[in-house]
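Biologist: I would like to learn how to read a few features of a protein model, one at a time. Could you take me through them slowly?

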Amino acid sequence: MYEFRAEMAGLSTEDLILVYTDQKNLYSEDELLVIESELLSRTEITGKKPYPLKPKTVFKAASSNKVANLLRAIRRTGEDGDYREAVMYCRQAIAADPNSWEAIFYLAYYDTLQGSFSDLHDRVEKMYHKIHTILHLVWESNMDAAATKSALRELDVKLRVLTDGLYHYCAAKHNQYNNPLHTTAVRTRVYQETQLQISNLYSIAFEFGDCLCQMFGNRVELAPFIRDTACAAWSYGIEMQSRWVNGFEKMYVAELIQQYIEKIKIFKPDYLPPRGY
């Protein structure tokens, strides 16, 4: 299988896509996983330089009892809606373990949920820039396949909840001002602010899918999970974008969205994008 992987690694991305999409019946199930894994991590798919394949090591949980207790406190207070206290526990957990992906993620997560509409753009942008760091820490942790899936699934679910909730918040805020009680200037300003904030939200979905493939796509045992999770993130970003902008504005992002549609269709040929694409 090592020789087969080396053979696939020597193919151009265009040839690899052809093998994966049109010649599946020529390969065994194990060989197809290798092909899929090789394809997922290609720069043409992720837009990023692929991570090296880490050597297999015995996974050892690094969290102390103190950090584990703080992580439980973060989740408990966050779920209770006490974001300020959750952020406090996050900072304590990071001080105890600076490489805790959970503490760093939840600090960005609950920090994004605090503040006003006017500074939401900055908070969402910070979350966007943290995604690579957080996934890198998961990659660095040397977790086995089951633990890695569990961590990535938690991130996927939480990011989906965050972006969906903020999308509806932005839309509601826009609707609040989109009426004759407010001047055209106010309505235009709020619309432009909402447009910018929602573009950051769907960018989070795209970045998450791209970084998943960049860092974990080359792990054969994770390939189907990474494929499905990344495609779901990309399609969610496309859906979110299509819900908001009108036909005229779609022209400005059409090329970007088309790139993601094409990526999804490599792995999910039956994928149907939203109307208008």
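Modeller: At 40% relative accessibility, Gln-259 counts as partly exposed, a class lying between buried (under 20% relative accessible area) and exposed (over 50%), found with a 1.4 Å probe on protein chains only. This is a predicted model, in which local features need pLDDT of at least 70 and side-chain atom pairs count only at pLDDT 80 or more, while totals for chains, interfaces and linings use all residues. Residues are numbered from 1 along each chain as its sequence is written, and side-chain values use heavy atoms, leaving out hydrogens and water.

Biologist: Where is the place of Gln-259?

Modeller: Gln-259 sits in helix H12, residues 247-267, helices being DSSP runs (H or I, at least four residues) numbered from the N terminus.

Biologist: How do H7 and H8 pack, and at what angle?

Modeller: Two packed helices are described by the angle between their axes and the distance between the axes. Helix H7 (residues 101-112) and H8 pack at about 170 degrees, with their axes 9 Å apart, the axes being lines fitted to C-alpha atoms over the stretch in contact and the angles running from 0 to 180 degrees between N-to-C directions. H7 and H8 are therefore roughly antiparallel, a word for angles over 145 degrees.

Biologist: What is the phi of Asn-142, and where is this residue placed?

Modeller: Most residues other than glycine have a negative phi. Asn-142, however, has a positive phi near 60 degrees, and its place is in the loop between helix H8 (120-140) and helix H9 (145-177). At 29% relative accessibility, Asn-142 counts as partly exposed.

How values were computed
Helices (H or I, at least four residues) and strands (E, at least two) are DSSP runs, numbered from the N terminus. Angles under 35 degrees count as roughly parallel, over 145 as roughly antiparallel, 65 to 115 as roughly perpendicular and the rest as oblique.
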